[in-house]
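Here are my notes for you, one topic at a time. Keep the structure open while you read.

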Amino acid sequence: MIIDMQTRLDQVIGRTATTLEDAFGMRTVGDLLRHFPRRMAERGQLTDLASLRVDDDVTVLAEVKTSTLIRYANGQRVETVISDGKGRLTLVFFGKRNLWRTRDLVPGALGLFSGKVTEFRQARQLAHPDYMLLAGDGLESYEAELFANQLIPVYPTVKKLRTWIISRAVSHTLDMLDPLPDPLPIEVRARRGLLDYDSALRAMHRPDSHAAWSAAKKRFTWDEAMGVQLALAQRRGAAPATPPAPRHPPTRG
């Protein structure tokens with residue numbers, strides 16, 4: 001089976017396609033692969049936690065500093081503190097069913113944490129955040145390969161559909177995708193210093209450096225600008241010619 005940008009997404013990633021369609025209206029491989037990361041997080045440069053604002057829905061890359069079980073009269077909770085080396089953020093998990101978090105979120109663990117920023121006693125926190133740890137025996141093979149890279153794609157998300165779910169779908173799709181033709185002539189690409197379409201698409205999701213990601217963005221920015229110009233030209237060409245208004249000789253009084 002040939003996989004290209006028109007291939008139905010459910011034929012490539014199965015049931016996850018339904019979740020992506022519900023959240024973003026994605027139906028084809030092209031819809032998914034044109035959902036570009038909004039930024040690249042670096043393993044060596046953790047997220048600036050001081051920049052987070054209350055009510056933001058965020059995905060942060062941070063390190064676990066402490067994880068504590070707190071018991072009180074009406075129940076218990078797990079409080080985990082994560083840090084970027086400067087600022088700190090508390091993760092809160094309520095109820096007995098979350099006691100295992102203290103064994104999962106151990107000091108030194110690095111992970112992606114997603115949730116809505118709230119404030120309690122003048123301290124910012126994420127209550128019951130989703131997360132995926134980036135080290136440990138529990139990583140699936142795709143995750144081990146993807147997050148071994150220096151740059152980690154962070155995608156536009158919605159609640160219940162976190163960036164790592166999109167990353168997993170994109171990674172699997174790129175592995176199956178056949179090389180894509182480029183409608184742009186090689187002479188034009190060479191003159192403008194542009195990547196070919198297939199290389200640019202893969203580098204948008206799997207760059208090996210910031211320079212590679214910038215080169216990919218340059219190609220798609222150029223394509224977008226060219227598309228606008230072509231659309232305007234077609235609109236002008238389709239507009240009926242308006243004959244000049246007749247000129248009447250001046251009336252003599």
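1. Let's start with a term: a salt bridge is a side-chain nitrogen of Lys or Arg within 4 Å of a carboxyl oxygen of Asp or Glu. Asp-182 and Arg-189 make one, with their closest N and O atoms 3.4 Å apart. Salt bridges that share partners tie Asp-182, Arg-189, Arg-219 and Asp-223 into one network.

2. A word on the source. This is a predicted model, where local features need pLDDT of at least 70 and side-chain atom pairs count only at pLDDT 80 or more, while totals for chains, interfaces and linings use all residues. Residues are numbered from 1 along each chain as its sequence is written, and side-chain values use heavy atoms, leaving out hydrogens and water.

3. How open are these partners? Buried means under 20% relative accessible area, exposed over 50%, and partly exposed in between (1.4 Å probe, protein chains only). Arg-189 is buried at 14%, whereas Asp-182 is partly exposed at 22%.

4. Now look at Asp-57, which forms a salt bridge with Arg-162, the closest N and O atoms being 2.8 Å apart. The two partners are 105 residues apart and link distant parts of the chain. Arg-162 counts as buried because its relative accessibility is 5%, while Asp-57, at 40%, is partly exposed.

5. Compare that with Arg-53 and Asp-56, whose salt bridge has its closest N and O atoms 3.3 Å apart. Here Arg-53 is exposed at 58%, and Asp-56 is partly exposed at 23%.

6. How many salt bridges turn up in the whole structure? The search finds 11.

Methods: Helices (H or I, at least four residues) and strands (E, at least two) are DSSP runs, numbered from the N terminus.
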